[in-house]
Amino acid sequence: MAYQTLQQEYLQIPVVTRAYTTACVLTTAAVQLEIITPFQLYFNPDLIIKNYQVRFSPFLLPWQICVAVIFIFYIEYILNIYTLLVPNAMLMFLVFLQVWRLITNFLFFGPVGFNFLFNMIFLYRYCRMLEEGSFRGRTADFVFMFLFGGLLMTIFGTFVSLVFLGQAFTIMLVYIWSRRNPNVRMNFFGLLNFQAPFLPWVLMGFSLLLGNSIIVDLLGIAVGHVYYFLEDVFPNQPGGGRWLKTPSIIKMLFDTPEEDPNYNPLPEERPGGFAWGEGQRLDG
C-alpha cells in the first residue's frame with residue numbers, strides 16, 4: 001500500500017520535472033556507490049571537441065562500428081525522420097566523442113550533504129511550479145527553455161571555467177519563476193521577508209556567506225534574465241517580436257495533439273463502448 005501511494009505521488013509529478021530530478025538523484029547515487037566518478041561527468045570542452053584525434057583512428061574496433069551503426073538507426077527510427085535531422089556522418093562523429101558531458105554536468109550537484117539537499121529542494125520546487133504554472137500545457141516550450149538555457153550556460157561556462165552547471169541551472173529556474181510571480185511574498189528561513197524577484201539575489205548572498213563562489217549564481221541569473229527578456233519583455237515592446245520559437249520537431253515530440261471538436265468517435269471508442277446485449281424491440 002505504501003509503495004503504491006509513493007508510486008502514485010511520483011507519477012503525479014510533471015514529466016519534465018520528474019525526469020530531470022530523477023536523473024540528478026540517480027547520477028548522485030551512482031557517484032556515491034562509486035559506479036562512476038565525477039571525472040566522467042564534468043564539463044570539459046577539450047574532451048568533447050579535441051578528443052576526435054584519438055577516437056577517430058583508422059583502426060576502429062568492429063564492436064565500436066556496430067555500436068555506432070545501431071545507435072544511428074535507433075535514433076532515426078525513434079525520431080521517424082531518417083537522416084533528415086542529422087546526417088549519418090554527424091551521428092557517427094557524435095558517438096565516439098564524449099558528448100555526454102554536455103548533459104551530465106547539469107546532473108551532478110556534489111556528494112550527498114547539505115549543499116546537495118538544498119539544491120535538490122529548490123530545483124524540484126521551482127521546476128515543478130514553472131511546469132505547473134506558466135508552462136502548464138506547454139511541455140514543448142518548457143523543454144525548449146531547458147535547451148536554450150543549457151546551451152547559453154555551456155557557452156558561458158567555457159569562458160569562466162565551470163565544470164558543473166547544475167546549480168546555475170537551478171538559479172535560472174528560480175529567476176524565471178520569480179520574475180513571472182513578482183507579487184508573491186517570500187520568507188527565507190524565517191529571517192527575511194521579501195518579494196519574489198529578490199529571491200535569486202538572496203540565494204546568491206546566502207551562497208556567499210557559505211564561502212562559495214558567486215560566479216555560478218551570477219551565471220544562472222544572467223541566463224535566466226536573457227530568457228525572460230526575450231520571452232516576456234521584448235515581444236511586448238514597440239517594434240519588438242518573439243525571437244524564441246519552439247521548433248516544430250520539439251512540439252511534435254512533446255506536445256499532445258489537440259483534439260478536433262468536430263471528431264465523431266467510433267462506437268467502440270465512446271465511453272461505455274458498444275451496448276452489448278441491448279436489443280431492439282420488434283414491431284408486430
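**Core.** A nonpolar core here is a set of buried Ala, Val, Leu, Ile, Met, Phe, Trp, Tyr and Cys residues joined through side-chain atoms within 4.5 Å. Buried means under 20% relative accessible area, exposed over 50%, and partly exposed in between, with a 1.4 Å probe and protein chains only. I am working on a predicted model, where local features need pLDDT of at least 70, side-chain atom pairs count only at pLDDT 80 or more, and totals for chains, interfaces and linings use all residues. Residues are numbered from 1 along each chain as its sequence is written, and side-chain values use heavy atoms, with hydrogens and water left out.

I looked up the largest nonpolar core and got 52 residues, of which Y20, M145, F146, M153 and L173 touch the most other members. Elements giving two or more residues to this core include α2 (15-32), α9 (139-160) and α10 (166-180). Helices (H or I, at least four residues) and strands (E, at least two) are DSSP runs, numbered from the N terminus.

Next I checked F146. Skipping neighbours within four places in sequence, F146 is in contact (heavy atoms within 4.5 Å) with V16, Y20, C127, F169 and L173.

**Rings.** I paired rings of Phe, Tyr and Trp (its six-membered ring) if their centres lie within 6.5 Å; planes under 30 degrees apart count as stacked, over 60 as edge-to-face and the rest as tilted. That rule gives 15 aromatic pairs. Y20 and F169 make an edge-to-face pair, with 5.6 Å between centres and 75° between planes. Y20 sits in helix α2 and F169 in helix α10, so this pair ties together parts 149 residues apart in sequence. Both are buried: Y20 has 9% relative accessibility, and F169 has 3%.

W243 is exposed, at 63% relative accessibility. Back at Y20, ring pairs link Y20, F106, F135, F142, F146 and F169 into a cluster.

**An arginine.** R18 is in helix α2. R18 is buried but has no salt bridge (a side-chain nitrogen of Lys or Arg within 4 Å of a carboxyl oxygen of Asp or Glu). The nearest side chain of opposite charge is E131, 7.8 Å away; Lys and Arg count as positive, Asp and Glu as negative, and His and the chain ends are not counted. Beyond four places in sequence, R18 touches Y10, L11 and I13.

Strands pair if DSSP finds at least two bridges between them. β1 runs antiparallel to β2 (residues 192-195), joined by four bridges. M186 has F194 as its bridge partner in β2. Three residues separate the strands of this hairpin, and F189 in the turn has a positive phi of about 55°.
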